Amino acid sequence: MAVPQIYIGEEWFDINEVLSSYRDPSCGAVDIFLGIPRSAPEDGDVKELHYEAYISMAEKVIREIIDEAVKKFGIKYAVVHHRTGVVPVTVPSFLVAVWSGHRQEAFEACRYIVDETKARAPIWKKEVFKSGEESWK
């Protein structure tokens with residue numbers, strides 16, 4: 001399967017596939033954010049996360065966010081992947097990669113896409129703790 005620009009589902013793509021999915025000689029920067037579930041005392045000792053999404057709506061919202069980042073920061077391209085289903089601690093669940101001419105635009109756009117996706121896309125997570133307790137976020 002070719003690496004899609006926006007993907008929400010249980011499959012995961014190798015970072016090298018993602019990086020080779022877009023090539024533009026005018027791009028001198030690629031910024032990557034990788035979200036990985038963690039377990040820490042302040043988080044209540046998380047065992048795994050369960051992600052659910054309204055996929056068609058989430059894809060539409062993420063497309064809008066990428067378009068906004070292109071206009072706002074002048075980036076060339078972005079990839080957003082978010083897992084659904086059960087994701088254990090230490091296994092990647094969220095990826096944003098941004099290509100641009102310069103690093104500053106890539107950094108700013110990547111953060112924008114991460115923050116806006118978390119705030120606006122209909123993707124939900126349930127934290128499952130080692131104690132057996134659960135909490136939706």
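Biologist: Which residues of α3 are buried?

Modeller: Some ground rules come before the reply. This is a predicted model, in which local features need pLDDT of at least 70, side-chain atom pairs count only at pLDDT 80 or more, and totals for chains, interfaces and linings use all residues. Residues are numbered from 1 along each chain as its sequence is written, and side-chain values use heavy atoms, with hydrogens and water left out. Buried means under 20% relative accessible area, exposed over 50%, and partly exposed in between, with a 1.4 Å probe and protein chains only. In α3 the buried residues are Ala-106, Ala-109, Cys-110, Tyr-112, Ile-113, Val-114 and Thr-117.

Biologist: What covers the buried residues of α3?

Modeller: Helices (H or I, at least four residues) and strands (E, at least two) are DSSP runs, numbered from the N terminus. Contact means heavy atoms within 4.5 Å. The cover over the buried residues of α3 includes β2, α2, β4 and β6.

Biologist: What span does α3 reach from its first C-alpha to its last?

Modeller: The expected span of a helix is 1.5 Å times one less than its number of residues. With 18 residues, α3 reaches 25 Å, close to the expected 26 Å.

Biologist: In what order do the strands β1, β2, β4 and β6 stand in their open sheet?

Modeller: Two strands pair if DSSP finds at least two bridges between them. The order is β1-β4-β6-β2, and the pairing is mixed. β1 (6-9) and β2 (29-35) are at the edges with a single partner strand each, so one side of each has no neighbour in the sheet. β2 runs antiparallel to β6 (residues 94-100), joined by 7 bridges.

Biologist: At about what angle does the direction of α3 stand to that of β6?

Modeller: Axes are lines fitted to C-alpha atoms, for helices over the stretch in contact, and angles run from 0 to 180 degrees between N-to-C directions. The angle is about 150 degrees, and α3 (residues 103-120) touches β2, β4 and β6 as it packs on the sheet. Helix α2 (residues 55-73) lies across β1 and β4 (77-83), at about 150 degrees to β1.

Biologist: Is Glu-127 buried or exposed?

Modeller: Glu-127 counts as buried, because its relative accessibility is 11%. The residue lies in strand β7 (residues 123-129). Leaving out residues up to four places away in sequence, its contacts include Val-46, Glu-48 and Leu-49. Strand β7 belongs to an open antiparallel sheet of 4 strands, ordered β5-β3-β7-β8.
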